[in-house]
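This report describes a protein model through its helices, its charged pairs and its surface. The sequence and structure come first, and the description follows.

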Amino acid sequence: MSVHDDLTSVQRCLDDLHRSLGRLEQQMGGGGLEMRRVRTDADHLRESVALLREAAPGLAGTRRPDLVSIPDTPYDSSLWTDSDDEGLGARDRHAP
């Protein structure tokens, strides 16, 4: 089985568990601490499987990006001749 098939199977089982807990809650009442705890645990499992499903397609293709080294030497000032100073505008114009 593929990861996708396994996750789908787990999701089906959790859906069955959710339905079964609903029926059990109707029979026993939902006010007890034990029932709320089981419901909360089942909800956490559903959330965890959803996170796994989101991460699964990227597991095979996840690759750390190549690092780019940035030199400590100053940049060539000619790179900035036609640029605007942020918040101040161009050098030959006045700010409003």
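Glutamate 25 is partly exposed, at 23% relative accessibility; buried stands for under 20% relative accessible area, exposed for over 50%, and partly exposed for the range in between (1.4 Å probe, protein chains only). The model is predicted, with local features requiring pLDDT of at least 70 and side-chain atom pairs pLDDT 80 or more, while totals for chains, interfaces and linings use all residues. Residues are numbered from 1 along each chain as its sequence is written, and side-chain values use heavy atoms, with hydrogens and water left out.

The side chain of glutamate 25 meets that of arginine 39 in a salt bridge, with N to O at 2.7 Å. A salt bridge here is a side-chain nitrogen of Lys or Arg within 4 Å of a carboxyl oxygen of Asp or Glu. This pair links distant parts of the chain, since glutamate 25 is in helix α1 and arginine 39 is in helix α2, 14 residues apart. The two side chains also make a polar contact at 2.7 Å, that is, a pair of N or O atoms within 3.5 Å; within protein, one must be able to donate a hydrogen and the other to accept it, and residues adjacent in sequence count only if both atoms are side-chain atoms.

Arginine 39 counts as buried, at 16% relative accessibility. Not counting residues up to four places away in sequence, arginine 39 touches His18, Leu21, Gly22 and Glu25, where contact means heavy atoms within 4.5 Å.

## Helices and overall fold

The protein has 2 helices and 0 strands. Both kinds of element are DSSP runs numbered from the N terminus, helices being H or I with at least four residues and strands E with at least two. Helix α1 covers residues 3-28, and helix α2 covers residues 33-61. The 26 residues of α1 should span 38 Å at 1.5 Å a residue, and the end C-alpha atoms of α1 are 36 Å apart, which agrees; the expected span is 1.5 Å times one less than the number of residues. After α1 comes glycine 29, whose phi is positive, near 90 degrees.

Leu7, Gln11, Leu14 and Leu21 are buried in α1. Of the 96 residues of the protein, 10% count as buried. Among contacts between residues at least 6 apart in sequence, 52% join residues at least 24 apart.

## Other salt bridges

How many salt bridges does the rule give? The count comes to 3 salt bridges. Side chains of opposite charge can pair when their charged atoms come close.

One of them joins arginine 46 and aspartate 15, with the closest N and O atoms 3.1 Å apart. Arginine 46 lies in helix α2 and aspartate 15 in helix α1, so the pair ties together parts that are 31 residues apart in sequence. Arginine 46 is partly exposed, with a relative accessible area of 27%, and aspartate 15 is partly exposed too, at 22%.

Another joins arginine 19 and aspartate 16, whose closest N and O atoms are 2.2 Å apart. These residues are 3 apart in helix α1, and are therefore separated by about one helical turn. Arginine 19 is partly exposed at 46% relative accessibility, as is aspartate 16 at 41%.

## Histidine 18

Which residues does histidine 18 contact, leaving aside its neighbours within four places in sequence? They are Arg39, Asp43 and Arg46. Histidine 18 is found in helix α1 and is partly exposed, with a relative accessible area of 31%.

The side chain of histidine 18 makes a polar contact with the side chain of arginine 46, at 3.2 Å. The C-alpha atoms of histidine 18 and arginine 39 are separated by 8.0 Å, although the two residues are 21 residues apart along the chain.

## Surface

The protein exposes about 8,600 Å², and carbon and sulfur atoms supply 56% of it. Accessible areas come from the Shrake-Rupley method with a 1.4 Å probe; for residues, only the protein chains shown count as cover.

Ile70, Tyr75, Leu79 and Trp80 form a nonpolar surface patch with about 510 Å² of accessible area together. Patches are made of residues with over 30% relative accessible area and no salt bridge, like charges being joined within 9 Å and nonpolar side chains (Val, Leu, Ile, Met, Phe, Trp, Tyr) within 5 Å. Leucine 79 lies in the segment after α2 and is exposed, with a relative accessible area of 54%.
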